[in-house]
Amino acid sequence: MAGVLLRRSYRSQIPYLVGRMCYSSTVPTTKLFIDGKFIDSKTSEWLDIRNPATNEVCGRVPKATKDEMEAAVKSCKRAFNSWSETSVLSRQQIFLRYQQLIKDNMKEIAKLITKEQGKTLADAEGDVFRGLQVVEYACCVTSLLLGETLPSITKDMDTFTYRLPLGVSAGITPFNFPAMIPLWMFPMAMVCGNTFLLKPSESVPGASMMLAKLLQDAGAPDGTLNIIHGQHAAVDFICDHPDIKSISFVGSNRAGEYIYERGSKHGKRVQSNMGAKNHGVVIPDANKENTLNQLVGAAFGAAGQRCMALSTAVLVGDAKAWLPELVEKAKKLIVTAGDQPGADIGPLISPQAKKRVCDLVQSGIDEGATLLLDGRGIQVKGYEKGNFVGPTVLANVKPHMKCYTEEIFGPVLVVLEANTLDEAIDIVNSNPYGNGTAIFTTNGATARKYSNLVDVGQIGVNVPIPVPLPMFSFTGSRASFRGDINFYGRQGIQFYTHIKTVISQWKAEDATLTGPAVVMPTMGR
């Protein structure tokens with residue numbers, strides 16, 4: 001019954017979106033979430049939130065002041081004592097209610113993601129759903145937090161371990177997955193007994209604010225989750241603050257390396273998921289129709305703004321003859337605003353992102369690549385000011401070219417060729433990134449050899465985007481990751497906890513019994 005009473009649509013209240021107006025009386029401002037309250041920032045510095053399909057301002061987000069950021073951490077620290085002492089069963093119940101609230105409001109969250117980020121509504125729902133799966137996994141906490149025991153290690157002596165929360169944890173999240181990435185972080189941290197400070201991307205704060213409201217509706221105590229907004233000053237604040245014990249980050253290599261180095265220097269546990277160059281290796285014996293469809297979807301879906309986008313194809317041997325058919329499939333994708341019926345590809349996040357993508361495509365042409373499909377000049381009727389780039393294919397790309405060495409982060413597929421499987425493996429292993437890769441083949445021995453020899457953290461066999469479900473962990477490697485404990489799954493539990501070991505001796509001759517116990521024994525009350 002409690003779950004039914006708590007299941008309220010975000011439409012009943014939107015205090016996290018409509019605050020003090022600035023610059024314009026018609027544009028809402030995003031609030032801070034501190035100590036269980038959605039509050040107006042007192043800052044004088046605001047950033048525009050723009051709809052990528054139109055570039056119209058749809059909201060504004062504050063750069064939180066130093067005092068506001070301090071208040072958020074103090075709230076987390078103050079709440080930690082009682083939250084960490086709250087029974088694991090009570091914490092579990094909150095997140096069981098929370099996962100239902102997310103389900104009930106999935107479409108509304110997706111609409112806000114599409115408005116701020118630009119991805120299609122179907123993709124936005126997938127964004128929320130993949131985050132929801134991590135929340136569902138977090139509800140298994142009663143099994144995941146189990147320690148270890150070894151009785152009678154010597155006479156009358158036992159050894160056992162506890163997993164205990166770290167304290168205040170923090171998360172810094174990117175623009176490309178406004179719901180999924182925050183949900184990788186704070187549910188796992190909080191269910192373990194930590195409190196959490198979240199700094200979402202200033203480009204797409206709405207989903208995080210909505211998720212905070214739903215968590216509050218689920219019964220999370222005040223102060224257990226706080227949200228601040230900002231840019232470099234907020235990042236430095238999180239890296240430097242002595243009361244923050246761990247940092248989770250997903251984003252670019254430049255920011256990720258900086259946060260890992262600065263946070264680690266201040267004694268924090270840091271996990272940093274960063275850039276990628278994911279290769280799809282195509283063997284001629286692969287199922288052609290299925291493989292081409294998989295390549296096109298994984299390269300151009302979400303406008304290529306995924307760290308697991310399959311942005312590079314390596315065609316082995318005769319598979320290079322498939323290129324014309326791949327290009328024809330890419331041409332059929334519909335590019336338009338994400339909320340329009342039939343949309344396959346939405347806009348890029350900003351004009352700056354569009355320029356960067358177009359410049360990298362041009363660099364490939366200048367260095368000798370062959371442009372088979374050019375999406376740079378696409379015009380979307382009714383959305384002429386949007387940040388659109390259509391599917392783009394560059395062939396005859398070589399490993400030294402800038403379009404290959406840099407992560408493009410747009411709807412661009414670069415195509416390399418290899419004569420043999422071994423040559424394809426060498427290409428993949430020579431690239432510094434290690435987030436994901438895929439091989440397309442009908443030969444099990446080929447797939448096994450590739451899986452064993454390729455130095456990449458996540459491998460798909462006829463699976464183009466091998467992102468593990470949350471009962472496993474996200475295991476990007478090499479230049480795609482900094483840290484030694486990965487996101488979600490059992491490693492997520494390990495990241496947000498530390499181990500305490502107790503060695504106990506109770507001598508048998510000291511045992512006494514004062515009286516009979518006749519009442520039914522109970523636990524968990």
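Reply: This is a predicted model, and the chain averages a pLDDT of 94, with 94% of the residues scoring at least 70. Confidence is highest in strand β8 (residues 195–199), at a mean of 99, and lowest in helix α1 (residues 2–6), at 37. Two stretches call for caution. Over residues 1–14 the pLDDT stays under 50, and the model has 22 contacts beyond four places in sequence for them. Residues 18–24 likewise stay under 50, with 21 such contacts.

On the cysteines themselves, the structure holds zero disulfides. C307 is in no disulfide, and the nearest cysteine sulfur, that of C239, is 20 Å away. A disulfide is a covalent bond between the sulfur atoms of two cysteines. The cut-off applied here is a sulfur separation within 2.5 Å. The sulfur of C358 has its closest cysteine sulfur in C403, at 14 Å, and this is too far for a bond.

Most residues other than glycine have a negative phi. N55, however, has a positive phi, near 65°. N55 is found in the loop between β3 (46–50) and β4 (57–62), and its relative accessibility of 17% makes it count as buried. A302 is not a glycine either, yet its phi is positive, at about 60°. The loop that holds A302 runs between α11 (288–300) and β13 (312–316). A302 is buried as well, with a relative accessible area of 14%.

Burial can also be followed along a helix. In helix α15 (residues 421–430), the buried residues are L421, A424, I425, I427 and V428. They lie on the same side of α15, because they cover an arc of only 155° around the axis.

In summary, the model contains zero disulfides.

Definitions and conventions
Residues numbered from 1 in each chain as written. Predicted model: local features only at pLDDT ≥ 70, side-chain atom pairs only at ≥ 80, totals over all residues. Heavy atoms only, no water. Buried < 20%, exposed > 50% of the residue type's maximum accessible area, 1.4 Å probe, protein only. Helix = DSSP H or I, 4+ residues; strand = E, 2+ residues; numbered from the N terminus. Arc of directions from axis to C-beta. pLDDT = per-residue confidence, 0-100. Contact = heavy atoms within 4.5 Å.
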